Amino acid sequence: MSDRSNQYGGDLASAPAPNRQGNATRGRLVKTAERLFAAHGVDAVSVRAVNAAAGLGPASVNYHFGTKDDLIAAVLLDLGAAVRDSIRVNADRLAARDEAPTTEEVVRAVTEPYRDLLLRHRTRGMRWVRIVTQVSARDHPALRAVEENLREHLHVQLRRTFPEADPARLESRWAIALMGFLQALARAGDWHAHPDPLPTDVLTAFYEDQVAFLSGGLDRLLREGD
């Protein structure tokens, strides 16, 4: 297995010294890129800027990741793999039930892992949400590293929740709702007179407001028609 293909696998404690060093360098590049992408925007940050900010040579990103898109995918996966896996578990739980999930249950299945991430990793989690919001707005190819066919898995449950909805309308309205959630979450700190990161009670209350807003909006759009 190549150094690049092993960036997320293997037991680091038992790996040989060169591999441990390589993983440490990749982790340094990922965290540096995460900080820069969140602060300045994915498009505005060059590979050269990431290498320089990490204090590494000009070829470091290319050596450890390949391309900028590969680096973006690594940044998304670093915290996003746990979010993705939690969403999949939630969707599987809904799929195992005979009764169709309610609108709120589908919304929570997808959004609670984002809330949980922010409760575990306040500063880095918010950076990650801001990056995801950026790349989701234009369906960046790096998103495929995080999704792993999760979109279709979720749409099965959406179709159970809204069996009468036009499939194209269902997909577009769900995409709008999820993007609205991400954009609101990314700016949560801007709307509260609190230091970053937000206190737990403020973040939790903000999340609950978003669930109520999204659930009500989806019901209005998909159950009651235009």
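This is a short tour of a predicted model, one selection at a time.

**Stop 1: colour by confidence**

Colour the protein chain by pLDDT. The chain has a mean of 87, and 88% of its residues reach 70 or more. Select helix α2, residues 47-53: confidence is highest here, at a mean of 98. Then select helix α7, residues 144-147, where the mean of 75 is the lowest. Now go to residues 1-18. Over this stretch pLDDT stays under 50. The model has 25 contacts for residues 1-18 beyond four places in sequence.

**Stop 2: charged pairs**

Side chains of opposite charge can pair when their charged atoms come close. How many salt bridges does the count come to? The count comes to 14. Three of them are visited below.

**Stop 3: R124 and D78**

Select R124 and D78 and show their side chains. They form a salt bridge, with the closest N and O atoms 2.6 Å apart. R124 belongs to helix α6 (residues 122-137) and D78 to helix α4 (residues 68-95), so this pair ties together parts that lie 46 residues apart in sequence. D78 is partly exposed, at 34% relative accessibility.

**Stop 4: R108 and E112**

Move to helix α5, residues 103-120, and select R108 and E112. Their side chains form a salt bridge in which the closest N and O atoms are 3.7 Å apart. The two residues are 4 residues apart in this helix, so about one helical turn separates them. R108 has 17% relative accessibility, and because buried means under 20%, R108 counts as buried.

**Stop 5: R97 and E99**

Select R97 and E99. The side chains of this pair meet in a salt bridge, at 3.3 Å from N to O. R97 is partly exposed, with a relative accessible area of 24%. E99 is also partly exposed, and its relative accessible area is 46%.

**Stop 6: H155**

Finish at helix α8, residues 150-161, and select H155 within it. Its relative accessible area is 9%, so H155 is buried. Which residues does H155 contact, leaving aside its neighbours within four places in sequence? Select E171 and W174 to see them: H155 is in contact with both.

Notes:
Residues are numbered from 1 along each chain as its sequence is written. This is a predicted model: local features need pLDDT of at least 70, side-chain atom pairs count only at pLDDT 80 or more; totals for chains, interfaces and linings use all residues. Side-chain values use heavy atoms; hydrogens and water are left out. pLDDT is the predictor's confidence in each residue, from 0 to 100. Contact means heavy atoms within 4.5 Å. A salt bridge is a side-chain nitrogen of Lys or Arg within 4 Å of a carboxyl oxygen of Asp or Glu. Buried means under 20% relative accessible area, exposed over 50%, partly exposed in between (1.4 Å probe, protein chains only).
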